[in-house]
Amino acid sequence: MLQIRRAIILQLAGLAVAAAVLFFLSRLFPLVEILADIQQHVMRWGAWSAIWYPLLYACCNVLLLPGGVLSVGAGFFFGLWWGFFIALAGNVSGAAISFFISRMIGRQWLKRRLLRNPTMSALEPAVEREGWKIILLSQLHPLFPTSLLNYLYGLTRIRFRTCMLWVAIGQAPGLFLYSYLGTLGQLGLNLARGKTHPRAIEYWIWLGGFVTAAIVLIMLGKIALRLIKQAQEEAAEARRSPAALTPSEVTGQPVYVSVHEK
């Protein structure tokens with residue numbers, strides 16, 4: 001699980017750096033006006049913005065680039081629900097492309113590369129054994145390296161439709177939280193520009209909703225990591241069990257069969 005923790009730490013560090021950069025830029029430039037101009041420019045594209053944004057998201061997914069910023073941006077530009085569905089469409093599209101690349105095009109090369117990683121090597125038999133459960137659990141954690149796992153799924157025998165269904169279900173809570181965060185950014189921008197004047201109770205509602213969603217997602221993530229580790233151990237134990245071994249491997253002695261046996 002060391003590689004997973006390292007990926008989580010790197011993504012958290014990336015979000016922290018992005019926040020620090022935005023804070024620094026706000027001290028030097030009129031960041032509120034710049035963000036407002038970007039938002040208006042995206043909105044002027046109309047329906048095309050809702051088409052190109054998922055494609056951009058899918059490309060980042062396939063290229064193993066972090067998509068957290070784009071998920072937040074979906075909520076910022078399109079609002080909570082539209083942003084959530086646009087981010088979900090882009091994520092599932094990217095997962096589908098990665099799945100087909102792994103299964104149809106670069107299977108042998110990717111298998112050699114991915115299974116060199118101990119975590120990926122342990123997850124492959126777990127996916128084969130548990131199927132949709134491992135896919136759902138591995139997608140539930142918002143900072144899990146899911147883009148890389150999409151390639152791993154293509155190396156297994158799991159069906160495409162089953163994989164995409166549970167990828168979508170597993171990604172939904174994390175993408176909703178990111179979109180919620182982007183929506184809060186949109187509300188903060190409107191507040192800074194004087195376009196809205198919320199009451200105190202509305203601040204508490206926004207903050208309470210975000211904290212509740214974050215707590216639920218953190219709990220789901222912890223449960224998912226624990227169950228994935230358990231599934232990995234069970235898969236490894238199943239491979240070492242006597243039922244999975246040949247008679248000679250069980251006894252340690254070669255087994256001879258008479259040619260007269262019928």
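**View 1. Helix H4 (residues 68–78) is mostly covered.** Of its eleven residues, nine are buried, meaning under 20% relative accessible area with a 1.4 Å probe and protein chains only. These are Gly68, Leu70, Ser71, Gly73, Ala74, Gly75, Phe76, Phe77 and Phe78. Helices are DSSP runs (H or I, at least four residues), numbered from the N terminus. The model is predicted: local features need pLDDT of at least 70 and side-chain atom pairs pLDDT 80 or more, while totals for chains, interfaces and linings use all residues. Residues are numbered from 1 along each chain as its sequence is written, and side-chain values use heavy atoms, with hydrogens and water left out.

**View 2. Helix H5 (residues 80–105) crosses helix H9 (residues 146–155) at roughly 45°.** Their axes, lines fitted to C-alpha atoms over the stretch in contact, come within 7 Å. H5 and H9 are therefore oblique to each other (not under 35, over 145 or 65 to 115 degrees, on a scale from 0 to 180 between N-to-C directions). Ala95, Ser98, Phe99, Ile101, Ser102 and Arg103 of H5 meet Asn150, Tyr151, Tyr153, Gly154 and Leu155 of H9, with contact meaning heavy atoms within 4.5 Å.

**View 3. Serine 138 lies in helix H8 (residues 132–140).** Serine 138 is buried, at a relative accessible area of 1%. The serine 138 side chain makes a polar contact with the side chain of tyrosine 153 at 2.5 Å (N or O atoms within 3.5 Å, one able to donate a hydrogen and the other to accept it; residues adjacent in sequence count only if both atoms are side-chain atoms). The side chain of serine 138 also reaches the backbone oxygen of isoleucine 135, at 3.0 Å.

Definitions and conventions
Helix = DSSP H or I, 4+ residues; strand = E, 2+ residues; numbered from the N terminus. Buried < 20%, exposed > 50% of the residue type's maximum accessible area, 1.4 Å probe, protein only.
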